[in-house]
Amino acid sequence: MYIINGTTQKIEEMRNIKQILRLLSLLCLAIVIAAPDCEAKGKRLGRQRANKYDIYLMIGQSNMAGRGRLLAADTLKNIEGVWLLNDKDKPEPARNPLNKYSSIRKKYGMQQMSPGYGFATKVHSKTGRKILLVHNARGGTSISWWLPDSDHANPNYYSEAVRRTRKAMKYGTLRAILWHQGCADSGKALPQYMGRLKTLVENLRRDLKAKDVPFIAGELAYWRKSSVKFNKTIRTISEHIPNSDYVSAEGCGMLKNEKDPHFSREGEVLLGERYADKVLALVYGISTAK
């Protein structure tokens, strides 16, 4: 009886082993069949990620719109790795002037070299990422005109910035907001400036569903006396607005003379590269400090 039971037990064990082996065989077969599909899916996802743009909203007044002298060659060649949201709200290979598709700009001929060129060129060269600019600036504007409830202009500057950025976000992720404005508010309106700027940033982040998106502002021309107090104010931005910073305008040359608030071609490019340095640190964790 013991022998019979032992034999029966061995037979049962062999059956169990066969069942396990059969299950393992089926599992291996399933993996082999699924592997090409998984590989294809992985490649598709990889391509989708590669095709996504890093989006930057660039708003403010004339120096952001661009007043540095453009060369004819600047308008003829695409900027490597950089796209521009066009007037059909689609990305197209970027060419100067970069503020040409602004839905609130002044006449086309006033749109010249802007900080966007130096900024986007440097960010792409350091990261290899595809850069999509939403350039929507207008010269001569006060910060109060950029607030959501402003009735100064139709279309509303704030609403247009939000609308166009939302269109761009179909193609990628908003990485930062770049702001250069202040000449119109560097006098009597300066005491209210930081409060208004904080309101602007809070609304942009809320309406774009980008709670922690970095906000970077720029100093004004160093050769103008009216810039001194404004620049001192803008340097305190991080004390008032979370995840914000400023860029220096020191050394950014003048376009015409000391009465003109506009940067030269080289000054606009240098300012843009300084915006890039801040973005590289805040967004990509890349330090460019020497």
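Strand S2 (residues 82–85) runs parallel to S4, and 3 bridges join the two; strands here are DSSP runs of E of at least two residues, helices are runs of H or I of at least four, and both are numbered from the N terminus. Two strands count as paired if DSSP finds at least two bridges between them. This is a predicted model, so to speak of a local feature takes a pLDDT of at least 70, side-chain atom pairs count only at pLDDT 80 or more, and totals for chains, interfaces and linings use all residues. Residues are numbered from 1 along each chain as its sequence is written, and side-chain values use heavy atoms, with hydrogens and water left out.

Back to S2 and its partners. Leu 84 sits opposite Leu 133 in S4, and Trp 83 has Leu 132 of S4 as its bridge partner. S2 also pairs with strand S3 (residues 91–93), this time antiparallel, again through 3 bridges.

What about S4 itself? Strand S4 (residues 131–135) is mostly covered, with 5 of its 5 residues buried; buried means under 20% relative accessible area, exposed means over 50%, and partly exposed is in between (1.4 Å probe, protein chains only). In a regular strand the side chains alternate between the two faces of the sheet. On one side of S4 are Ile 131, Leu 133 and His 135, on the other Leu 132 and Val 134, and all of them are buried. S4 also pairs with strand S1 (residues 53–60), in the parallel sense and over 5 bridges. Here Leu 57 stands opposite Val 134.

Strand S5 (residues 172–180) pairs with strand S6 (residues 215–218) in the parallel sense over 3 bridges, and Trp 179 has Ala 217 of S6 as its bridge partner. Contact means heavy atoms within 4.5 Å.

Then there is a pair of helices. The axes of H3 (residues 115–127) and H8 (residues 265–284) come within 6 Å and cross at roughly 40 degrees. H3 and H8 are therefore oblique to each other; angles under 35 degrees count as roughly parallel, over 145 as roughly antiparallel, 65 to 115 as roughly perpendicular, and the rest as oblique. Residues making the contact include Tyr 117 and Phe 119 of H3 and Leu 271 and Tyr 275 of H8.

As for the whole chain, there are 8 helices and 7 strands, and 43% of the 290 residues count as buried.

Technical notes. Axes fitted to C-alpha atoms, helices over the stretch in contact; angles between N-to-C directions.
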